[in-house]
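Please open the structure in your viewer and keep the sequence beside it. The tour below moves from one selection to the next, with a short account of what is there.

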Amino acid sequence: MCDNMLDDILTDTDERMDKTISAFSAELTKIRTGRASSGLVDNIIVDYYGAETPINQLATVSIPESKTIMIQPWDVSAIPEVEKAIMKSEIGINPSNDGKVIRLNIPALTEERRKELVKYVSKVAEEFRVSIRQIRHDVNHFVKDLEKEEGLPEDRVKKNLENVQKITDNHIKKISEILEGKEKEILEV
């Protein structure tokens with residue numbers, strides 16, 4: 001019984017930390033680098049006939065070139081609303097359209113802006129590392145409470161805490177790897 005419970009705790013811990021990693025990756029896609037990414041426009045909401053609709057549910061979003069995002073609405077009458085939503089968003093890019101598609105040309109980042117972005121993504125990474133550590137803290141606390149309440153053997157508890165630490169270290173390492181990739185992407189000229 002206790003072994004199954006402790007195994008379930010480890011599985012749950014791993015899943016919770018995986019979700020944190022996914023959230024971190026999703027957060028980084030919103031950050032504009034010098035390269036085109038559909039993630040820049042995924043969170044832009046368009047007022048489409050009174051309904052708040054994400055761009056990717058109104059149009060095909062593609063990357064024809066490394067510095068261009070192309071948005072092709074399925075309903076061309078939505079182009080003005082899509083443009084308005086892009087202009088209101090915080091991506092800082094002016095759209096241009098030819099009546100059928102909207103193009104976003106990604107300007108090159110200045111060296112100063114690149115350094116600011118690297119600092120920002122490092123800060124975001126640390127926030128997610130703290131989230132991972134908080135999960136570890138909560139799980140360790142829960143396991144120690146189980147030891148007191150259920151009378152779990154001390155060696156079994158210690159082994160479980162070591163496994164939680166290994167899972168934590170693995171996820172912290174994943175965050176660092178993702179961060180390193182994003183920093184390279186930002187600093188790329």
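**First stop: a sheet and its hairpin**

Select β3 and β4, which pair in the antiparallel sense over 5 bridges; helices (H or I, at least four residues) and strands (E, at least two) are DSSP runs, numbered from the N terminus, and two strands pair if DSSP finds at least two bridges between them. Before going further, note that this is a predicted model, in which local features need pLDDT of at least 70 and side-chain atom pairs count only at pLDDT 80 or more, while totals for chains, interfaces and linings use all residues. Residues are numbered from 1 along each chain as its sequence is written, and side-chain values use heavy atoms, with hydrogens and water left out.

β3 and β4 form a hairpin with 2 residues between them, and Ala 59 has Pro 73 in β4 as its bridge partner. Strands of a sheet pair through backbone hydrogen bonds, either parallel or antiparallel.

β5 is joined by 2 bridges to strand β6 (residues 102-105), where Arg 103 stands opposite Ser 96.

**Second stop: another hairpin**

Select strand β1 (residues 45-48) and strand β2 (residues 51-54), which pair in the antiparallel sense over 4 bridges. Val 46 stands opposite Thr 53 in β2, and in this hairpin, with 2 residues between the strands, Tyr 49 takes a positive phi near 50°.

Select helix α4 (residues 111-150) and helix α5 (residues 154-187), which pack at an angle of about 170° with their axes 10 Å apart; axes are lines fitted to C-alpha atoms, for helices over the stretch in contact, and angles run from 0 to 180 degrees between N-to-C directions. α4 and α5 are therefore roughly antiparallel to each other, a term for angles over 145 degrees. The residues of their contact divide into 16 nonpolar, 7 polar and 9 charged, where Ala, Val, Leu, Ile, Met, Phe, Trp, Tyr, Cys and Pro count as nonpolar, Asp, Glu, Lys and Arg as charged, and the others, Gly among them, as polar.

Key:
Angles under 35 degrees count as roughly parallel, over 145 as roughly antiparallel, 65 to 115 as roughly perpendicular and the rest as oblique.
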